[in-house]
Amino acid sequence: MRRSIQWRAGLILLLLALSILFLTPTLIDPLPQWWRKVLPVEKIHLGLDLRGGMHLLLEVEVQKAVESAMDKYASDIKDTLTKKDISFQQVERNSAGKISVLLTDTKANDRFNLIRSDQFANLKVASFLEREGKYQYLLELNPKEVKSIEDSAIRQGLETIRNRIDQFGVTEPVIAPQGENQILIQLPGVKDPQRAVELIGRTALLEFKLVDEENSLEEALKGNMPPGSEILYQKAADKETGVVTRRPFLLKKRALMTGDVLTDARTRIKSDFNEPYVSIDFDARGARLFDQITAENVKKRLAIVLDNNVYSAPVIQERISGGKAQISGSFTPDEAADLAIVLRAGALPAPVKIIQNVTVGPSLGQDSIDRGIRAAIIGSILVVVFMAFYYRFSGLIADWALILNIIYLMGALASMRATLTLPGIAGIILAIGMAVDSNVLMFERIREELRQGKTVRAAVDAGYDKALFTIIDSHVTTLITALVLFQFGTGPIKGFAVTLSLGVMINLFSALIGTKVIFDWINFKKQLKTLSI
């Protein structure tokens, strides 16, 4: 008996110490430095409904990802035909989204067919036309490849947005797929919603393009656009007036390299003008490519383009080796930092469109917190007073179990780095109510045993034994319900399910072990003749 009491008491105290350890960062702020080095520092985070913040629903424009893939296929076909010296007149993606290939003779047609079936098996022939010795193909993606590209766009978009938000510094964000092509984002505690929206929604497609200095910008602006060129603009905001001006650039359409070769992007400050800029590093392939581009285009202007906006177009003074470059512009420190984040996180595979943007004010969250805490305190006090009044000394033991229950539950939430939401608080309050149910069942059985004339020790043992299966049954059914809610619920419902599940499991421990060990210890020490119950 003595050893049994000792190990049960030891287990209770160990769990109590661990719970307090994990709860301390939530209760004490700031923590001493020595604590932060070796002990847990994670707090219980508050959810969007308590803390305030942003709720965004984004739609991924997956069709754009398919169009980008078709552009890449068209470019690859053109490069392959050129490298293999196959005669062709045209390779381009038409307005219907198909790739048009026009070959000039039979020999070219035969060789293209071999290449198409070997290297471009994901493209199928939508139509074929032979006229006056020329062969025209219209190629399209097979449905399986289209579905694969769309699914990949959602997954990559989700991962890219998660990386951006992580680097933005938002704690406990909710980022989850929603439906077929939507992404749900909840950002608790965000104080600058507009900045967050711009950071998340930016496609971040970085391209390096040559400025077309062989043709006239003025003529292009009048509508006489040279083949293979385009006009993009550089936006600049006056720091004093805030007026935004747009400067046009005539650029070669073909990108010499893109941002997929980036390995890092950091904000730096120019020592001479004290202006921020973004320093970028390339991988080995990017470094070789940038070295080659700068070597072949000395004294020409190379534009750095992000999402079709020209950030800078410096003249290449000399060959640049070493795999580094910089993006300069009229940046504020925040703009430069956000640009570095999106470049590090990578480009979105397809643009996203915001279809729902809701900002929850912190005043609503604070009001909810105050009401939730008030309800929890009042509920706990009522339960404690009722148990002490109705079951007297035994009621105080049940109150001890209730206190254990609350500390264990909050400690478990802190150790799991859980996010506390308003439904989560409801789950805690429900668990508090359930915490004494088990004790009531056991105490009533003990009373019955005492009325039959049994000794206190025999009555307590019999009361716990008889109530055991009823308690387990009720808790297991509640736990199954909570697990179903967690599996099929979303957001707040899951928060409720988590706190309820934890509460049920902790109830079982605190009721069956936390209270029984006190009765056993008292009986072991004093051999009670009567029990206050």
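Is Asp-307 buried, partly exposed or exposed in this structure? Asp-307 is partly exposed, with a relative accessible area of 24%, and the model in which this value was computed is a predicted one. The protein chain has 533 residues, of which 41% count as buried, and its secondary structure comes to 16 helices and 19 strands. With a radius of gyration of 34 Å, well over the 24 Å that the globule rule gives for 533 residues, the chain is more spread out than a compact globule.

**Overall form and surface**

- Taken along the principal axes, the box filled by the C-alpha atoms of the protein chain is roughly 110 × 60 × 40 Å.
- Among the contacts in the protein chain with a separation of 6 or more, 68% are accounted for by residues 24 or more positions apart.
- The accessible surface of the protein chain comes to about 28,500 Å², and carbon and sulfur atoms hold 56% of that surface.
- The side chains of the protein chain include 64 positive and 59 negative ones, and the centres of these two sets lie 7 Å apart.

**Nonpolar cores**

- In soluble globular proteins, nonpolar side chains tend to be buried together.
- The largest nonpolar core of this model has 45 residues, and those with the most contacts inside it are Ile-77, Ile-99, Val-101, Leu-123, Ile-185 and Leu-187.
- Both strands and helices give two or more residues to this core, including the strands β2 (53-60), β4 (99-103), β6 (134-141) and β8 (182-188) and the helices α4 (62-83), α5 (106-119), α6 (143-168) and α7 (193-201).
- Of these elements, α4 gives the most to the core, with nine residues.
- Apart from this core lies another one, of 43 residues, which has Ile-425, Ile-428, Ile-432 and Leu-531 among its members.
- Leu-187, already named for its contacts inside the largest core, is in contact with Leu-48, Gly-52, Gly-53, Met-54, Ile-165, Val-170, Pro-173, Ala-196 and Ile-200, when its neighbours within four places in sequence are left aside.

**Two loop residues with positive phi**

- Glu-132 has a positive phi of about 50° although it is not a glycine, and its place is in the loop between β5 (123-131) and β6.
- With a relative accessible area of 80%, Glu-132 is exposed.
- Asp-307, the residue of the opening question, also has a positive phi, near 50°, and is likewise a residue other than glycine.
- The loop that holds Asp-307 runs between β15 (302-306) and β16 (309-312), and there Asp-307 is partly exposed.

**A residue of strand β16**

- Ser-312 is found in strand β16, and at 9% relative accessibility Ser-312 counts as buried.
- Once its neighbours within four places in sequence are left aside, Ser-312 is in contact with Gln-234, Leu-302, Ala-303, Ile-304 and Ser-328.

**A residue of helix α6**

- Gln-156 itself is partly exposed, with a relative accessible area of 42%.
- Along the chain, Gln-156 and Met-225 are 69 residues apart, and their C-alpha atoms are separated by 35 Å.

Methods. Residues numbered from 1 in each chain as written. Predicted model: local features only at pLDDT ≥ 70, side-chain atom pairs only at ≥ 80, totals over all residues. Heavy atoms only, no water. Helix = DSSP H or I, 4+ residues; strand = E, 2+ residues; numbered from the N terminus. Rg over C-alpha atoms; globule rule 2.2 N^0.38 Å. Buried < 20%, exposed > 50% of the residue type's maximum accessible area, 1.4 Å probe, protein only. Contact = heavy atoms within 4.5 Å. Areas by Shrake-Rupley, 256 points an atom, 1.4 Å probe, with all protein chains shown as cover. Lys, Arg positive; Asp, Glu negative; His and termini not counted. Charge placed at Lys NZ, Arg CZ, Asp CG, Glu CD. Core = buried A, V, L, I, M, F, W, Y, C linked by side-chain atoms within 4.5 Å.
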